[in-house]
Amino acid sequence: MPLTKRFTLTRYLIEERRRFPGAGGDFNALILDVALACKAIARAVAFGELGGTPGQPAAKVGDVGGAVNVQGETQKPLDVISNQYFTGMNEWGGHLAGMVSEEMEGAYQIPKAYPRGKYLLAFDPLDGSSNIDVNVSVGSIFSILRAPQEVIDSGRDVVESDFLQLGLTQAAAGYALYGPTTMLVLSVGNGVAGFTLDPSLGEFMLTHPNLKVPADTQEFAINASNSRFWEPPVTRYVDECLAGKTGPRDKDFNMRWIASMVAEAHRILMRGGVFLYPRDSKDASKPGRLRLLYEANPIGFIIEQAGGRASTGREPMLGVQPTSLHQRIGLVFGSRHEVERIERYHAEPFKPLETTPLFTERSLFRV
Ligand code: F6P
């Protein structure tokens, strides 16, 4: 397709806005600022061991920043820089009332020097950053919420409860994937569109309009090293997938685990599949590994906008009432029929798969 016919992200947003004659343009400007932060992070990630980008301290991929974030994870310089790009590029525009990040304990206040706006931004600036050292794809995830009217009217500082909104109410959500190509995948509540970064123009170009997750799949993703901590419905589901043609599913499955959720979500958007990081008994203080506000909800919004399904296993993810900023939750998402099956297994009494060798004494997933 000739360049002149391609939609840039800006054009896509303008055309989307035409559906809402009353829209003032704040929302589009906010998304373009988020996209700029993602481009800056893409550049920082792409420099790899060469470290640093113009005007930034050298951040080599193997460096350990030393500080520990609110999740108890060691921050790397690229985590810190990515967080600074998100806050710095989004605080000045007058579109936001506040932000929340995986890398910051409390809500981030818009500095007094700038006007405050009507949206809230929650983000994980560099998800899967343990993969940075090994040059595997990482990403950024973001969720845009509407600030409560009283916050907009008063202009007061934001507090935790302002962000504790159902995933259903997200105004937009997206992720950037820093892989062989950098992509931005976005939903403004009207389907899902994928944009590829043209590095020479510095523009995200619409390359994947109207993304859809196929309803059926033969591919699943789970960290099987946690199998002894899984709950019975998850064990049942995985055992049935592993039994393949010899089990009740009557078809063979393929397995993937990148340990980088943005990359897994992207694979599922491209060709279907199911991802599970379910609630387990590994650490009683952590009911699940992934974070609700800036991981599970935005990924869930995108997947559902693409016709897939996102769930805790027990209830739809987007209907969960958040209780804290950094709340963790079990997450299952992907091809609709598979996620529905996993939900059904959670609702039914446990039925072990007696007929497969996986359930014998020497089974792969029995202790
Ligand atoms: O939340 C960070 C993250 O890296 C996700 O992107 C990924 O799905 C998960 O953690 C990997 O966890 P584990 O190391 O337990 O496989």
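Reader: Let's start with Arg291: which residue forms a salt bridge with Arg291, the closest N and O atoms being 3.0 Å apart?
Author: Keep in mind that this model is predicted. Both members of the pair, Arg291 included, are buried. At 3.0 Å between the closest N and O atoms, the partner of Arg291 is Glu295.

Reader: How many salt bridges does the rule find across the interface of domain 1 and domain 2?
Author: Domain 1 covers 3-208 and domain 2 covers 219-359. Across the interface of domain 1 and domain 2, the count is one.

Reader: OK, and what about polar contacts: how many residue pairs are counted between domain 1 and domain 2?
Author: On the domain 1 side, strand 1 (96-101), strand 3 (119-127) and strand 4 (138-146) are among the elements that each supply at least two residues. By class, that side has 22 nonpolar, 18 polar and six charged residues. The residue pairs in polar contact between domain 1 and domain 2 number 13.

Reader: What area is buried between domain 1 and domain 2?
Author: Interface size is often quoted as the accessible area that is lost when the parts come together. The C-alpha centres of domain 1 and domain 2 lie 26 Å apart, and the contact takes 46 residues from domain 1 and 32 residues from domain 2. Carbon and sulfur atoms give 63% of the buried area, which is about 3,000 Å².

Reader: Now for strand 4: is Ser143 buried or exposed?
Author: Ser143 lies in strand 4 and touches, among others, Leu120, Ala172, Leu293 and Pro298. The side chain of Ser143 also makes a polar contact with that of Gln170 at 2.9 Å. With a relative accessibility of 2%, which is under the 20% cut-off, Ser143 counts as buried.

Reader: Which residue's side chain meets Glu343 in a salt bridge at 2.7 Å, N to O?
Author: Glu343 counts as buried because its relative accessibility is 14%. The pair, 2.7 Å apart, N to O, links distant parts of the chain, with Glu343 in helix 9 and the partner in strand 13, 34 residues apart. That partner of Glu343 is Arg309.

Reader: Back to counting: how many salt bridges does a search of the whole structure find?
Author: Glu219, Glu264, Arg267 and Arg271 are linked in a network of salt bridges. Elsewhere, Arg18 and Glu15 meet in a salt bridge at 3.7 Å, N to O; Arg18 is exposed at 59%, whereas Glu15 is partly exposed at 32%. Over the whole structure, the number of salt bridges found is 20.

Key:
Residues are numbered from 1 along each chain as its sequence is written. This is a predicted model: local features need pLDDT of at least 70, side-chain atom pairs count only at pLDDT 80 or more; totals for chains, interfaces and linings use all residues. Side-chain values use heavy atoms; hydrogens and water are left out. Domain bounds come from an automatic or database domain assignment. Contact means heavy atoms within 4.5 Å. Buried area is the accessible area (1.4 Å probe) that two parts lose on being put together, summed over both. A salt bridge is a side-chain nitrogen of Lys or Arg within 4 Å of a carboxyl oxygen of Asp or Glu. A polar contact is a pair of N or O atoms within 3.5 Å; within protein, one must be able to donate a hydrogen and the other to accept it, and residues adjacent in sequence count only if both atoms are side-chain atoms. Helices (H or I, at least four residues) and strands (E, at least two) are DSSP runs, numbered from the N terminus. Ala, Val, Leu, Ile, Met, Phe, Trp, Tyr, Cys and Pro count as nonpolar, Asp, Glu, Lys and Arg as charged, and the others, Gly among them, as polar. Buried means under 20% relative accessible area, exposed over 50%, partly exposed in between (1.4 Å probe, protein chains only). Lists of a residue's contacts leave out its neighbours within four places in sequence.
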